[in-house]
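Reader: Before we discuss any assignment in this model, I would like each label to be set against its cut-off. Could you take me through them in that way?

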Amino acid sequence: MEPADRTTTTAAATTATTAPTHPAPFAVPAPGAGAGAAAARAYAESVARTVWGGPGREVREEDVVDLLLVVSELVTNAIRHGDGLAGFEARPTEEGLWIAVHDHSAVVPRAAHAFPTTHPGGGYGWPLVARLARDIAVDPRPGGGKTISALVPLRVADSE
């Protein structure tokens, strides 16, 4: 399957199974509008380690690294190209961590429609997100702007 096959621009990709509606207590408060990539990474890592993982079900370190890369890319793009970060969510699912990055721009990334094949000095972020995440969706926000959401798969660490 091509990575672009996992990207959609409709709300149909985000369902109750990938985005649970019940809030869970997290060790780090969710970053809000104006926060940066570091706050979003800290929040996502806290959710992955304490809610998805935890004692007896620790998450694989390489999956945490993948999660942090996806969060960094999407939040940085929201800040640089989306008129600023409007909010960030991270929710555990059975398969991993569902993240949603809200920004203030309604412009859909060009790469959301086709997987880029060249990198003229930039544009590495979207291909990286497409390789590390699945069920990527770009949805308009009711008050303006958009939400880019994705499921980052997580696996239980081998006990050694």
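Author: Let us begin with contact, which means heavy atoms within 4.5 Å. Among contacts in the chain between residues at least 6 apart in sequence, 65% join residues at least 24 apart. This is a predicted model, in which local features need pLDDT of at least 70 and side-chain atom pairs count only at pLDDT 80 or more, while totals for chains, interfaces and linings use all residues. Residues are numbered from 1 along each chain as its sequence is written, and side-chain values use heavy atoms, with hydrogens and water left out.

Reader: How do you know what counts as a helix or a strand, and what pattern does the chain follow?

Author: Helices (H or I, at least four residues) and strands (E, at least two) are DSSP runs, numbered from the N terminus. By that rule the chain has 3 helices and 5 strands, and along the sequence they follow the pattern β-α-α-β-β-α-β-β.

Reader: Why is Ile99 called buried, and which residues is Ile99 in contact with, leaving aside neighbours within four places in sequence?

Author: Buried means under 20% relative accessible area, exposed over 50%, and partly exposed in between (1.4 Å probe, protein chains only). Ile99 has a relative accessible area of 0%, and is therefore buried. Ile99 lies in strand 3, and its contacts, with neighbours within four places in sequence left aside, include Leu67, Val70, Val71 and Leu74 as well as Phe88, Ile148 and Ala150. With Ala150, Ile99 is 51 residues apart in sequence, yet the C-alpha to C-alpha distance is 5.5 Å. For the chain as a whole, 42% of the 160 residues count as buried.

Reader: What makes a set of residues a nonpolar core, and which residues have the most contacts inside the largest one?

Author: A nonpolar core is a set of buried Ala, Val, Leu, Ile, Met, Phe, Trp, Tyr and Cys residues joined through side-chain atoms within 4.5 Å. The largest such core has 33 residues, and those with the most contacts inside it are Phe88, Leu97 and Ile99. Among the elements that give two or more residues to this core are helix 1 (37–53), helix 2 (61–81) and strand 3 (96–103), and the largest share, 8 residues, comes from helix 2.

Reader: How do you know that the span of helix 2 is close to the one expected?

Author: The expected span of a helix is 1.5 Å times one less than its number of residues. Helix 2 has 21 residues and reaches 30 Å from its first C-alpha to its last, which is close to the expected 30 Å. Its buried residues, among them Val64, Leu67, Leu68 and Val71, pack against helix 1, strand 2, strand 3, helix 3 and strand 5.

Reader: Why is the pair of Tyr43 and Phe88 called edge-to-face?

Author: Rings of Phe, Tyr and Trp (its six-membered ring) pair if their centres lie within 6.5 Å, and planes under 30 degrees apart count as stacked, over 60 as edge-to-face and the rest as tilted. A search of the whole structure finds 1 aromatic pair. The ring centres of Tyr43 and Phe88 are 6.2 Å apart and the planes stand at 80°, so the pair is edge-to-face. Because Tyr43 lies in helix 1 and Phe88 in strand 2, the pair ties together parts that are 45 residues apart in sequence. Both Tyr43 and Phe88 are buried.

Reader: What makes you say that the charged end of Arg57 sits over the ring of Trp52?

Author: A charge sits over a ring if NZ of Lys or CZ of Arg is within 6 Å of the ring centre and within 35 degrees of the ring normal. The charged end of Arg57 sits over the ring of Trp52, at 3.9 Å from its centre. Trp52 is one of the buried residues of helix 1.

Reader: Why is Asp83 called exposed and Asp135 partly exposed?

Author: Asp83 has a relative accessible area of 59%, so this residue is exposed, whereas Asp135, with 32%, is therefore partly exposed. Asp83 is placed in the loop between helix 2 and strand 2, while Asp135 is found in strand 4. Most residues other than glycine have a negative phi. Phi is positive for Asp83, near 60°, and also for Asp135, near 55°.
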